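Please read them with the structure open beside you.

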Amino acid sequence: MRGLYIGRFQPFHNGHKAAVEYISSEVDELIIGIGSSQLSHEVLHPFTAGERVLMITRALSHLNIPLYVLPIPDVHRNAIWVSHVCSMVPQFDVVYSSNPQVIRLFREAGIEVRSPPMYERSTLSGTHIRKLLLSGGDWEEFVPEETAEIIKSVDGVSRIIDISKNDE
């Protein structure tokens with residue numbers, strides 16, 4: 001059975017890693033779809049699709065199942081979004097998500113959706129980690145070591161600080 005796990009992964013954090021490890025116990029192959037892949041260098045989307053691919057593939061190199069990490073750009077039309085996603089990835093049997101809108105859209109399309117357990121959701125969210133990056137807080141404890149290495153290699157802390165400024 002092949003599963004699909006889709007998210008923005010801005011950045012890929014320990015909650016994502018825990019979800020993928022859980023999912024990998026239920027499927028034979030896993031597709032990870034990087035949503036909003038065309039966006040980067042914005043406070044809500046600081047990292048490029050390529051940087052997120054590296055974060056994910058390096059942090060999950062220990063998995064014993066085939067893993068496919070694929071960018072999925074937005075189409076900004078929810079009524080056709082599931083068809084768009086399906087056109088961008090190999091065929092799959094089940095979708096994993098805890099996002100209510102994603103769950104609704106895939107279920108309306110007749111596709112099975114399962115929600116992986118949420119792991120330390122209060123601190124393991126992209127929003128929380130981006131705020132820590134922006135404020136100079138201790139963000140590294142919330143991401144896999146491989147994600148931290150990628151963020152440092154692209155000067156991600158300075159990037160998010162710079163892009164949060166305005167010209168006034």
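Is Arg104 buried or exposed? Arg104 counts as exposed, because its relative accessibility is 54%. Bear in mind throughout that this is a predicted model.

1. **The Arg104 pair.** Start with the partner of Arg104. Glu108 forms a salt bridge with Arg104, and their closest N and O atoms are 2.6 Å apart. Both residues belong to helix H4. They are four residues apart, about one turn of the helix. Glu108 is exposed too: its relative accessibility is 55%. The cut-off for exposed is over 50%, so 55% for Glu108 and 54% for Arg104 both pass.

2. **Salt bridges in general.** Side chains of opposite charge can pair when their charged atoms come close. In this model the count comes to seven salt bridges. Two others are described in the next points.

3. **Glu26 and Arg114.** What is the distance between the closest N and O atoms of Glu26 and Arg114? It is 3.0 Å, and the two form a salt bridge. Glu26 sits in the loop between H1 and strand S2 (29-35), while Arg114 sits in strand S5 (residues 113-114), so the pair ties together parts that are 88 residues apart in sequence. Glu26 is partly exposed, at 29% relative accessibility. Arg114 is also partly exposed, with a relative accessible area of 27%.

4. **Lys152 and Glu140.** Lys152 makes a salt bridge with Glu140, with the closest N and O atoms 2.9 Å apart. Lys152 is in helix H6 (residues 145-153) and Glu140 is in the loop between H5 and H6, so this pair ties together parts that are twelve residues apart in sequence. Glu140 counts as partly exposed, at 35% relative accessibility.

5. **The largest pocket.** How much space lies in the largest pocket? About 920 Å³. The pocket is lined by 34 residues, and those closest to its centre are Ile6, Gly7, Arg8, Asn99 and Val102. By class, the lining has 13 nonpolar, 16 polar and five charged residues. Several elements each supply at least two lining residues: strand S1 (2-7), helix H1 (14-24), helix H3 (78-88), helix H4 (100-108) and helix H5 (126-135).

6. **Val102.** Val102 is one of the residues closest to the centre of the largest pocket. Val102 lies in helix H4. Val102 counts as buried because its relative accessibility is 12%, and the cut-off for buried is under 20%.

7. **The loop between S1 and H1.** Check the backbone here. A cis peptide bond joins Gln10 and Pro11, with omega about 5°. Pro11 is in the loop between S1 and H1. Phe9 is in that loop as well. Phi of Phe9 is near 55°, which is positive although the residue is not glycine. Phe9 is buried, at 2% relative accessibility.

8. His41 lies in the loop between S2 and helix H2 (49-59). His41 is partly exposed, with a relative accessible area of 42%. Ser158 is in helix H7. Ser158 counts as partly exposed, at 30% relative accessibility. His41 and Ser158 are 117 residues apart in sequence and 11 Å apart in space, C-alpha to C-alpha.

9. **A nonpolar surface patch.** Which residues form a nonpolar patch on the surface? They are Val43, Leu134 and Ile161, with about 180 Å² of accessible area together. Ile161 is in helix H7 (residues 156-164). Ile161 is partly exposed, with a relative accessible area of 30%.

10. **Ile23.** Last, a buried position. Ile23 belongs to helix H1. Its relative accessible area is 0%, so Ile23 is buried. Ile23 and Val95 are 72 residues apart along the chain, and their C-alpha atoms are separated by 10.0 Å.

Note on methods:
Residues numbered from 1 in each chain as written. Predicted model: local features only at pLDDT ≥ 70, side-chain atom pairs only at ≥ 80, totals over all residues. Heavy atoms only, no water. 1 Å grid on protein atoms, 1.4 Å probe; cavity = no way out; pocket = protein on both sides within 12 Å on 5 of 7 lines; lining within 4 Å. Points joined across faces, edges and corners; volume = space filled by probe spheres on them. Nonpolar A, V, L, I, M, F, W, Y, C, P; charged D, E, K, R; others polar. Patch = residues over 30% accessible without salt bridge, like charges linked within 9 Å, V, L, I, M, F, W, Y side chains within 5 Å. Areas by Shrake-Rupley, 256 points an atom, 1.4 Å probe, with all protein chains shown as cover. Salt bridge = Lys/Arg side-chain N within 4 Å of Asp/Glu carboxyl O. Buried < 20%, exposed > 50% of the residue type's maximum accessible area, 1.4 Å probe, protein only.
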